[in-house]
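This briefing covers selected local features of one protein chain. Please read it alongside the sequence and the coordinates.

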Amino acid sequence: MRVLLIGANGFIGRFVADRLLADPAVQLTALGRGDDADVRFDLATGSPGALTRFLDAVHPGVVINCAGATRGGARELTRHNTVAVATVCEALRRSGCGARLVQIGCGSEYGPSQPGSSTAEDAVPRPGGPYGVSKLAATELVLGSGLDAVVLRVFSPAGPGTPAGSPLGRLAEAMRRAMQSGDGELKLGGLGVQRDFIDVRDVARAVHAASLSAAQGVINIGSGRAVRLRDAASVLARVAGYGGALHELDAPPGPLRATIGHPRAESEHAGPMAYPYPDGCGSWQQADVRTARDRLGWRPRINLEESLADIWMEAACRI
């Protein structure tokens with residue numbers, strides 16, 4: 001099976017590439033903006049025609065799109081998350097390869113949900129921020145393309161390679177600095193948020209399964225269990241051997257960038273964000289993952305403690 005992987009050097013894409021390379025039945029070609037890609041191509045600026053010619057030459061059976069941006073202003077997010085997917089869909093429509101498309105979506109497309117509830121694929125998406133809006137627009141383009149396509153809505157990916165700017169990445173970095181400086185207490189903000197964390201290696205397994213299946217539409221990929229970031233911090237402290245006290249700040253001390261749970265886009269310079277949760281998902285998010293089980297035969301295997309241990313191992317190497 002010939003597979004074209006877009007975004008192989010990203011957080012999720014690297015593990016998808018490893019998973020596919022371990023399958024002897026897969027012939028993998030990586031397309032991306034980096035020098036390490038087999039073929040260099042920028043989806044945000046490249047033309048559908050150029051991509052079509054490449055598809056016709058390689059003739060993949062499956063195209064997996066892991067590319068995208070998680071940070072930046074609305075214009076940048078739209079270019080990399082929406083326009084790029086429009087280019088992929090149009091190129092596949094024009095091409096004679098007839099490839100199946102596996103698009104990586106995100107839980108932010110749903111927006112806020114009721115605490116205690118599990119969000120299923122039939123929930124009406126109401127993204128609460130520009131990132132979720134740009135990803136939802138991409139999903140709608142895929143679903144309306146007429147292609148053989150599936151969108152995997154990945155909730156909160158974690159594990160080795162977790163970006164330093166993510167909540168768990170910032171948490172690990174704050175703990176590393178506290179241990180390095182010998183601080184007996186660690187003051188953190190934004191720990192009340194609850195998210196459905198799923199290990200990136202389990203995500204890669206889901207992508208692999210989706211590429212082999214006939215499933216179409218939207219499929220949630222998560223653990224099916226919301227975890228409070230405060231509890232994740234306690235587990236990380238145990239894994240790291242941090243014996244200090246964890247104190248949660250009642251309110252962010254100044255700009256929201258000072259807190260763990262409230263990242264700040266690089267394009268912003270002053271003042272708080274316009275919405276309280278940067279991913280636009282409110283205080284609670286938990287996936288209903290029954291569709292992934294029933295249609296892909298997929299279940300998560302790696303628990304959060306193992307994911308956090310791997311995040312800490314990478315952070316500790318910077319001490």
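Predicted model: local features only at pLDDT ≥ 70, side-chain atom pairs only at ≥ 80, totals over all residues.

**Helix α9**
- Helix α9 spans residues 304-316, 13 residues in total.
- From first C-alpha to last, α9 reaches 18 Å, close to the 18 Å expected at 1.5 Å a residue.
- The buried residues of α9 are Leu304, Ser307, Leu308, Asp310, Ile311, Trp312 and Ala315.
- An α-helix has 3.6 residues a turn, so residues three or four places apart point the same way.
- The cover over the buried residues of α9 includes the helices α5 (167-181), α6 (200-212) and α7 (229-240).
- Strands also contribute to that cover, among them β7 (156-158), β10 (197-199) and β12 (227-228).

**His59**
- His59 sits in the loop that joins α2 (48-58) to β4 (62-65).
- Although His59 is not a glycine, its phi is positive, at about 55°.
- Most residues other than glycine have a negative phi.
- His59 has a relative accessible area of 42% and is partly exposed.

**Ser117**
- Ser117 belongs to the loop between β5 (100-106) and α4 (130-143).
- Ser117 is partly exposed because its relative accessibility of 24% lies between the 20% and 50% cut-offs.
- Apart from neighbours within four places in sequence, Ser117 contacts Trp284 and Gln286.
- A polar atom of the Ser117 side chain lies 2.5 Å from the backbone oxygen of Gln114.
- Ser117 and Cys281 are 164 residues apart along the chain, and their C-alpha atoms are separated by 13 Å.

Methods: Residues numbered from 1 in each chain as written. Heavy atoms only, no water. Helix = DSSP H or I, 4+ residues; strand = E, 2+ residues; numbered from the N terminus. Expected span 1.5 Å × (residues − 1). Buried < 20%, exposed > 50% of the residue type's maximum accessible area, 1.4 Å probe, protein only. Contact = heavy atoms within 4.5 Å. Polar contact = N/O pair within 3.5 Å; in protein donor to acceptor, adjacent residues only side chain to side chain.
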